[in-house]
Amino acid sequence: MDMEPTCHFIAQHTHIVAILGMVITEAKNGKEAVDIYKQSELHTFDYIFVDIMMPVMDGLDATRQIRKLNREDAQSIPIIAMTANAFAEDKKACMDAGMTAHITKPLKLETIVETLWKIQNQKDGKYENRK
């Protein structure tokens with residue numbers, strides 16, 4: 001499990017998150033992430049970042065569960081993988097699970113902002129990070 005560096009990264013960049021007007025809702029594991037999303041009002045979240053190595057339910061399964069939900073925004077919400085797994089087969093597994101983009105660790109603020117910008121500017125909401 002690699003949640004500590006991710007949480008540390010977000011904590012270090014809280015000021016930038018605030019400047020961008022973003023609010024972070026944290027889930028401690030994949031099941032909690034699915035439950036939070038499932039119980040939220042439609043379009044509460046603009047993006048979902050998932051760590052592939054989350055406990056209880058990993059990011060791949062959490063993404064599959066979110067995509068299966070019977071709600072208007074379940075197919076369109078961008079889900080972004082954050083993972084140390086950088087091989088082509090790892091990226092393919094993320095995309096096959098229904099993720100929108102794949103960001104490898106160590107996380108870099110520029111990569112996150114670029115990914116969000118590209119997703120936001122896609123007409124159909126689908127973007128595949130090819131780096």
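Visitor: How much space lies in the second largest pocket?
Guide: In this predicted model, that pocket holds about 220 Å³ of space.

Visitor: Nice. Which residues are closest to its centre?
Guide: Those are F45, D46, S76, I77 and P78, out of 12 residues that line the second largest pocket.

Visitor: And how does the lining divide into nonpolar, polar and charged?
Guide: There are 5 nonpolar, 5 polar and 2 charged residues in the lining of the second largest pocket.

Visitor: Switching to D73: where is it found?
Guide: D73 sits in the loop that runs between α4 (59-68) and β2 (79-83).

Visitor: Buried or exposed?
Guide: D73 has a relative accessible area of 2%, which is under 20%, so it counts as buried.

Visitor: What is D73 in contact with, leaving aside neighbours within four places in sequence?
Guide: Y37, L42 and H43.

Visitor: Tell me about H43, then. What is its phi?
Guide: H43 has a positive phi of about 60 degrees, and it is not a glycine. Most residues other than glycine have a negative phi. H43 lies in the loop between α3 (30-39) and β1 (48-51), and its relative accessibility of 47% makes it partly exposed.

Visitor: Last topic, peptide bonds. Which residues does a cis one join?
Guide: K105 and P106, with omega at about 5 degrees. P106 lies in the loop between β3 (101-104) and α6 (109-121). Most peptide bonds are trans.

How values were computed. Residues numbered from 1 in each chain as written. Predicted model: local features only at pLDDT ≥ 70, side-chain atom pairs only at ≥ 80, totals over all residues. Heavy atoms only, no water. 1 Å grid on protein atoms, 1.4 Å probe; cavity = no way out; pocket = protein on both sides within 12 Å on 5 of 7 lines; lining within 4 Å. Points joined across faces, edges and corners; volume = space filled by probe spheres on them. Nonpolar A, V, L, I, M, F, W, Y, C, P; charged D, E, K, R; others polar. Helix = DSSP H or I, 4+ residues; strand = E, 2+ residues; numbered from the N terminus. Buried < 20%, exposed > 50% of the residue type's maximum accessible area, 1.4 Å probe, protein only. Contact = heavy atoms within 4.5 Å.
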